[in-house]
Amino acid sequence: MGYLDYFMPGLPRTVADAPDMALVERIRESIAEDDAHTLRSSMLLPCPFCGHDRPFIQTRDLSRCSMEARVVCPCCHVATTREYIGWRQTYLPTGEDITRLLVIGMAISSWNRRAK
């Protein structure tokens with residue numbers, strides 16, 4: 001287990017600063033029940049307050065170039081602060097816009113590193 005995994009299990013906090021496509025693929029593969037505004041990820045830990053094991057992620061486009069995401073517990077309604085990316089990230093070899101996946105990764109990282 002690396003230093004970052006000990007303090008921030010699952011994803012490094014800097015996921016959007018230096019995108020690693022292997023990490024982006026892990027995020028993509030963890031996504032289930034995606035309706036374009038809310039989704040679930042198998043990478044999310046249970047709620048630290050009520051123990052509910054099905055938190056979800058809300059995403060929202062703020063403009064053409066910015067996006068935000070946060071994790072919410074459907075049982076006790078606790079949530080992370082909104083994670084924000086103010087620029088579009090494109091994976092250059094394919095031209096794929098990976099902004100949403102990166103902001104989802106930031107939200108997962110915030111949720112998983114919270115106090116227990």
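Reader: Let's start with Asp-34: is it buried, partly exposed or exposed?
Author: Asp-34 counts as partly exposed, with a relative accessible area of 36%, and please keep in mind throughout that we are looking at a predicted model.

Reader: Which residue does Asp-34 form a salt bridge with?
Author: The partner is Arg-100, and the closest N and O atoms of the two residues are 2.9 Å apart.

Reader: How many salt bridges does the structure hold?
Author: The structure holds 9 salt bridges. One of them joins Glu-68 to Arg-82, where the closest N and O atoms are 3.0 Å apart. Glu-68 lies in strand β4 (residues 67-72) and Arg-82 in the loop between β4 and β5 (83-85), so that pair ties together parts that are 14 residues apart in sequence.

Reader: And in that pair, what is the relative accessible area of Glu-68, and what is it for Arg-82?
Author: Glu-68 has a relative accessible area of 9% and is therefore buried, whereas Arg-82, at 48%, is partly exposed.

Reader: Which residue pairs with Arg-88 in a salt bridge?
Author: Arg-88 pairs with Asp-97, and their closest N and O atoms are 3.3 Å apart. Arg-88 is partly exposed at 30% relative accessible area, and Asp-97 is partly exposed at 40%. There is also a network of salt bridges, in which Glu-25, Arg-28 and Glu-96 are linked.

Reader: Back to the loop between β1 and β2, then: what is the phi of Glu-33?
Author: Glu-33, which is placed in that loop, has a phi near 50 degrees, a positive value in a residue other than glycine. The hairpin that β1 and β2 make has 5 residues between the strands. Ala-36 lies in the loop between β1 and β2 too, and its phi is positive at about 80 degrees, although Ala-36 is not a glycine. With a relative accessible area of 47%, Ala-36 is partly exposed.

Reader: How many bridges join β1 to β2?
Author: There are 2 bridges between them, and the two strands, β1 at residues 31-32 and β2 at residues 38-41, run antiparallel. If you want a place to look, Ala-32 stands opposite Arg-40 in β2.

Reader: Which strand, β3 or another, does Leu-39 face?
Author: Leu-39 stands opposite Ile-57, which is in β3. β2 and β3, the latter being residues 56-61, pair in the antiparallel sense over 2 bridges.

Reader: New topic, cysteines: how many disulfides does the count come to?
Author: The count comes to 0 disulfides. Cys-47, for instance, is in no disulfide, and the nearest cysteine sulfur, that of Cys-76, is 3.6 Å away. A disulfide needs the two sulfur atoms within 2.5 Å, because it is a covalent bond between the sulfur atoms of two cysteines.

Reader: Stepping back, how many helices and strands does the chain have?
Author: The secondary structure comes to 3 helices and 7 strands, and along the sequence they follow the pattern α-α-β-β-β-β-β-β-β-α.

Reader: What share of the chain is buried?
Author: Buried residues make up 39% of the 116 residues in the chain. The chain exposes about 6600 Å², and carbon and sulfur atoms supply 54% of that area.

Reader: Last one: what share of the contacts joins residues at least 24 apart?
Author: If you take the contacts between residues at least 6 apart in sequence, 46% of them join residues at least 24 apart.

Definitions and conventions:
Residues are numbered from 1 along each chain as its sequence is written. This is a predicted model: local features need pLDDT of at least 70, side-chain atom pairs count only at pLDDT 80 or more; totals for chains, interfaces and linings use all residues. Side-chain values use heavy atoms; hydrogens and water are left out. Two strands pair if DSSP finds at least two bridges between them. Helices (H or I, at least four residues) and strands (E, at least two) are DSSP runs, numbered from the N terminus. Buried means under 20% relative accessible area, exposed over 50%, partly exposed in between (1.4 Å probe, protein chains only). Contact means heavy atoms within 4.5 Å. Accessible areas come from the Shrake-Rupley method with a 1.4 Å probe; for residues, only the protein chains shown count as cover. A salt bridge is a side-chain nitrogen of Lys or Arg within 4 Å of a carboxyl oxygen of Asp or Glu.
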